[in-house]
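Here are my notes on this model. Please read them with the structure open.

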Amino acid sequence: KICKTMIKYILKVLPFWTVMCVLAACSSSEDNHGEKDPDILPKAETTVIIYMAAENNLSGTASDNLSTIANASKTGNLSNNHLVAFVDKKSALPYVASFKDGKETRDSHYTCNEDFSSADPEKMYETLDWIQTRYPANNYALILWGHCSGWLTENDTIATSQQKSTL
């Protein structure tokens, strides 16, 4: 039953993401003077985005996977590519990190002053749009990392903590 619901949800949001990718591919990072914004990195061939929804019992696993990704970036050919992760773990504000030469580097240009549900479609759109703007590329790949039921917000840790604080 959950899988059918998830498939229906994916089919409902798939056209939205297709349009978003087309619009992002047609956008320009140049202003009226033809100068590039200094906060936008050089255009890569491919940007791989890992969207890690780990504000649950996967938080420890996310840390292990991030170390593995950093280690793998030593041997992978990332010379003209971006490898980026949005990370939302328990008891920490979400952040964006890039990987290259065996190192994970938090992107200081991404600021998040409050916790939010990474399963929220609006927040996901905002985050992915920010990453696509900051890490432009000819091609994009998106990896959704987390529980297959992570989009079910009734068990969300933020909602739970907000409920506890109102009691």
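1. Salt bridges. A salt bridge here is a side-chain nitrogen of Lys or Arg within 4 Å of a carboxyl oxygen of Asp or Glu. K123 and E126 form one, at 3.9 Å from N to O. They are three residues apart in helix α3, so about one helical turn separates them. Helices are DSSP runs of H or I with at least four residues, strands are runs of E with at least two, and both are numbered from the N terminus. K123 is partly exposed at 25% relative accessible area, and E126 is partly exposed at 44%. Buried means under 20%, exposed over 50%, and partly exposed in between (1.4 Å probe, protein chains only).

2. Basis. This is a predicted model: local features need pLDDT of at least 70, side-chain atom pairs count only at pLDDT 80 or more, and totals for chains, interfaces and linings use all residues. Residues are numbered from 1 along each chain as its sequence is written, and side-chain values use heavy atoms, with hydrogens and water left out.

3. The other bridge. The whole structure has two salt bridges. R134 pairs with D107, with the closest N and O atoms 2.8 Å apart. R134 lies in helix α3 and D107 in the loop between β4 and α3, so the bridge ties together parts 27 residues apart in sequence. R134 is buried at 10% relative accessibility. D107 is buried at 8%.

4. Charges over rings. A charge sits over a ring if NZ of Lys or CZ of Arg is within 6 Å of the ring centre and within 35 degrees of the ring normal. R134 lies over the face of Y135, 5.7 Å from the ring centre. The charged end of R106 sits over the ring of Y95, at 3.5 Å from its centre.

5. Aromatic pairs. Rings of Phe, Tyr and Trp (its six-membered ring) pair if their centres lie within 6.5 Å; planes under 30 degrees apart are stacked, over 60 edge-to-face, the rest tilted. There are four such pairs. Y51 and F86 are stacked, at 4.7 Å between centres and 25° between planes. Y51 is in strand β1 and F86 in strand β2, 35 residues apart. Y51 is buried at 3%, and F86 is buried at 0%. F86 also pairs edge-to-face with Y110, at 6.4 Å and 80°. Ring pairs link Y51, F86, Y110, F116 and W130 into a cluster.

6. Confidence. pLDDT is the predictor's confidence in each residue, from 0 to 100. The chain mean is 77, and 65% of residues reach 70 or more. Over residues 22-36, pLDDT stays under 50. Where pLDDT is low, predicted coordinates should not be read in detail.

Definitions and conventions: Contact means heavy atoms within 4.5 Å.
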